[in-house]
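Good morning, colleagues. Please turn to the structure on the screen, and I shall take you through some of its contacts.

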Amino acid sequence: MPKIVQIDVTGEIAWVRIDNPPVNATSTAVRAGLLQAVEQVQGCALAVLSCAGTTFVAGGDMSEFDAPPQEPHLPDVVAAIENSAVPFVALLHGTVLGGGFEIAMACAWRVARPDTRFGLPEVNLGLIPGAGGTQRAPRLLGWQAAFEMACLGQMKSAQELLDLGALDMVTEDLEAAVTQFKNRAKPRLSDQTIAPMTKDDETRFRDRALTFAKGRQAPLHNFDALTWASRPFAAAQPKERALHLQLRQSEESIALRHVFFAERAVTKPARLQDVPRGKIAQVAIVGGGLMGCGIAMACLMAGLSVTLIERDTEAADTAKRSVTSLLQGAVARGKISDAQLNSHLQVFRTADTYSLAAEADLAIEAVFEDLDIKRSVFENLAQTVRADTLLATNTSYLNPDEIFDGIPGPERCLGIHFFSPAHIMKLVEVVRASGTSDAALATAFTFASRLRKTPVLAGICDGFIGNRILAAYRRAAEYLLADGALPHQVDAAMRSFGMAMGPFEAQDQGGLQIAMANRRRQDATRDPDERYVDIADRICALGRLGKRTGAGWYAYPDGAKTGVRDPIVEDVIVSYARDAGLTRGSFTETDIQTQLLAAMANEGARIVEEGIAECAAVVDVVKCAGYGFPRWRGGPMHWADTVGHDAVTSALTTLEIASPGSWIRAGVFCHD
Ligand code: NAI
């Protein structure tokens, strides 16, 4: 096995190479190896620092973050490199992130390949850099770029860094560049001074960090640490380190690290690890509405060929225009070039007949949410495609087993449930039907990853994982209305928790019809003892189906963008309570948050108990990647762990005692 930090001396040059797959993270062994290397290179004219594999150091070893820091500490290693009598030149490739960028900044010279990317992503983990990143970056890059990297987590290209004077050379041949740095002296970055930000810049940066933060603390902490860079390094860097270590214990960082690890774990389920997977190059999509077009766009952007089948020529032409316009939007936003647009269009075709789907490796159905229509689509597909072509439904609520009943080759049938807009939203629920093979599931995971999505494995139940929790959340929100709250109070409380939108404004955005249709579908099987609040039904009965219809839980006078409180809605709520014989009380912001989050966590616990999700982490990933749950809160299950299961149980039992039937479908939190 190669040493984690290798040192080879050739003539006057010492070649120091980090080899710590997969991303050369600054683990304890790497830090110790680097410190030793600094001693061993003494006597040479130049030390060259590079990394094996696909990238330079791409960050710290986060698995070490939960334990007390081990010596040698990164700031000491970085200082040793910077203070070394033998100057270091860093040869950079891949992604130079966090501790990697801090090490690179301590080197006397930096040479990078043209496609190298640089970042200080600590902010995305609720942290600040801890080894001089916030202190050296302003000295090296200036305030603006340092702010964008440290506070906003932006990545920079090699060209951008070269333009800022932060790289000495950009070249394909890193090693050939080394010799010209021999016998040259360069002042240490930490000895340089930088004038404080102007008052205007300070205000502008702080405001930007505040808007970007949306309730998080880390962007502001990074900003504070940056401002210290105008002071002497020796005084400011220990402050940065102390804050870094303090933030490792913060709820925000623990939650963000939880989601980071959860995403990595659940998108590669252990049961599928060694399962051979098929190759997907050609995709057929049936149904070119909102979802079909978004899925087509996502597939094209991932370099796949797409055939989109619609009901007739007119609908096929409309779908073609929609997908073309999505691609043109990507050109306008600088995501793809005109040449890429053309090459995507060359492998995209629409049709009103199934024959063009014959060569597809995967067929995804995204037609109306109607069992008979979906069944007929798969009957047609089964007659057209190969016997091993994967057949996937994008249904939100129908039972895939009923959709696929009688279709030959049940092992290749499954759900691949995208979220709207499908080319943007990261979450994909891969739904295991009763006949689905592991090979089909594994192939679907690879397909979703290729689309740069976050796939999770789900079993069959009403609404799968995400929409089922959404239904429980909305039900609990309506209980709150019945018991004393008003929509704007509930929405404000959830926004203050960090949700992108509250439950009622979100319903107004998406429309109230789908939830109403679901409630009618569930009428026949709903437990008669379950508490049913029909406020939403009363709102829908007034023709208030959301923003698109001009009114919903809120009024939208003269097409207003945001809804305003409406006395009609508040009358409906109050009269419901009167009809139901309820005395309306009042709720604090915390009461509202606790009730709603407890409802989510409870439904999540049931989902795990029933085996619909393999573990609680899946639930957290679903809510964070698909439903606007703030990542920095870690998801509903992580929230329940943080506040304690007793607090969750008590919130649910208090409501259950006051209003029997509220938690008839209780999860672990409601066990006696
Ligand atoms: P949509 O109404 O926008 O599009 C459906 C399309 O299917 C229409 O263009 C229609 O012409 C076409 N179509 C209908 N019957 C067809 C047939 N026999 N052959 C070929 N094309 C046919 O609906 P949307 O919103 O795109 O939803 C499609 C599916 O995706 C539904 O099952 C829905 O539940 C699911 N879904 C919807 C989400 C959403 O937010 N809209 C999110 C996730 C899933």
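Predicted model: local features only at pLDDT ≥ 70, side-chain atom pairs only at ≥ 80, totals over all residues.

**Salt bridges and the ligand shell**

E263 and R631 are joined through their side chains by a salt bridge, with N and O 2.8 Å apart; the term denotes a side-chain nitrogen of Lys or Arg within 4 Å of a carboxyl oxygen of Asp or Glu. Because E263 belongs to helix 10 (residues 251–266) and R631 to the loop between helix 24 (616–626) and helix 25 (636–643), this pair ties together parts 368 residues apart in sequence. Helices here are DSSP runs of H or I, at least four residues long, and strands are runs of E, at least two, numbered from the N terminus.

Residues are numbered from 1 along each chain as its sequence is written, and side-chain values use heavy atoms, without hydrogens or water.

Is E263 buried or exposed? E263 is buried, at 14% relative accessibility, whereas R631 is partly exposed at 33%. Buried means under 20% relative accessible area, exposed over 50%, and partly exposed in between, with a 1.4 Å probe and protein chains only.

A second salt bridge links D388 with R386, again listed at 2.8 Å from N to O. D388 is exposed, at 53%.

Let us now consider the ligand. An oxygen atom of the ligand lies 2.8 Å from a polar backbone atom of M291. The protein covers 78% of the 830 Å² of accessible area that the ligand has on its own, by the Shrake-Rupley method with a 1.4 Å probe.

Note on methods. Polar contact = N/O pair within 3.5 Å; in protein donor to acceptor, adjacent residues only side chain to side chain.
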